[in-house]
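Here is a friendly note to keep beside you as you look through this structure for the first time.

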Amino acid sequence: GMTQIRLGTPGDAARERELWQLAFGDDGAYVDNFYQTYYKPERMLLLEEDGVVQSMTAWFDTQLVLPGEGRIRAAYLYAVATDPAARGRGLAGRLLAGADEYFRGLAIPAVTTVPAEPSLHNFFGANGFRECFTLFQEALDPGELPAPAWDNPLRPVSPAEYGAVREKILADCPHIAYPEEALAYQAGCCALSGGGLFAGETEDGPVCACAEGDGAGLVVYKELLGTKLRTVLPHLPRMVPGERFLVRGPLAQRPAASGGWQFGMLKWLSPDREEAWDWSRTAYLGLAFD
């Protein structure tokens, strides 16, 4: 059939939501939050076949911050979804190639993504992405944390304030920086599960935390950032109660943590940057809207 790759229009939203539901099974409130916070029609790239949208991706306009080298515009692909009835025909790969062309036209030199499951690392790898973004992930039992020694330094903050504190903490670490609207989307995801965005000052410097629950007793601290986190850990169970915790953050914060989790992938659209890039370097993407 005839295929074309194009930007979304307001009239595509119903089909996009349908693809989202088919691919990820997310409930209405979760998808509503995306459409209420970050969505604009042109932030969706669609593959249409014979008049029917069969594959889509959203993209976040982010920056890859390389301390001492500058900030590079980087498109973060999110919610890459193909109708299950149209899978196995290479449509998603075609969509990604079309996305590359679109980003080149905007002079965006880099694309990132966070594969939702290990098998997808192979799919994105076949489409030119390579592992780059690592983090640590640690399980914590709230019952084993000591009692807090002093008042909780963390308080709920706006997406803008969270972003500012996050940039301060990550200033010396290669990382992805998010626009305020993307952080507003994350704040909405957190709110759906009784979590939130938190930040504050400790005697060791600023800290920030992004907490999202899974509805079944697990609280994921999608990132917990600061120089000395042990002062903050005892407060976590009181902020967002849960039976089990997972805490994620940059590897540099946990030198003793075993290994690193291959979390996100990078693709350079600029041959010069691709050639100059040292692939043994890792960076911190952290907040994936997974």
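1. What is the mean pLDDT of the protein chain? The mean is 93, and 98% of the residues reach 70 or more; pLDDT is the predictor's confidence in each residue, from 0 to 100. This is a predicted model, in which local features need pLDDT of at least 70 and side-chain atom pairs count only at pLDDT 80 or more, while totals for chains, interfaces and linings use all residues. Residues are numbered from 1 along each chain as its sequence is written, and side-chain values use heavy atoms, with hydrogens and water left out.

2. Now the overall make-up. The protein chain has eight helices and 13 strands (DSSP runs numbered from the N terminus, H or I of at least four residues for helices and E of at least two for strands). Among these elements, the lowest mean pLDDT, 91, belongs to helix α4 (residues 118–126), and the highest, 98, to helix α5 (residues 159–169).

3. On overall size, the C-alpha atoms fill a box of roughly 65 × 45 × 30 Å along the principal axes. The radius of gyration is 19 Å, which agrees with the value near 19 Å for a compact globule of 290 residues (taken over C-alpha atoms; the rule is 2.2 Å times the number of residues to the power 0.38).

4. Look next at helix α2 (residues 28–37) beside helix α1 (residues 13–24): they pack at an angle of about 140°, with axes 11 Å apart (axes are lines fitted to C-alpha atoms, for helices over the stretch in contact, and angles run from 0 to 180 degrees between N-to-C directions). That makes α1 oblique to α2 (under 35 degrees is roughly parallel, over 145 roughly antiparallel, 65 to 115 roughly perpendicular, and the rest oblique). In this pair, Ala 13, Glu 16, Arg 17 and Trp 20 of α1 meet Val 31, Asp 32, Phe 34 and Tyr 35 of α2 (contact means heavy atoms within 4.5 Å).

5. α2 also packs with helix α6 (residues 180–192), at about 155° and with axes 9 Å apart. The two are therefore roughly antiparallel. Among the residues in this contact are Phe 34 of α2 and Tyr 185 of α6.

6. Finally, α5 and α6 pack at about 110°, their axes 8 Å apart, and are therefore roughly perpendicular. Here Pro 159, Ala 160, Tyr 162 and Gly 163 of α5 touch Glu 180, Leu 183, Ala 184 and Ala 187 of α6.
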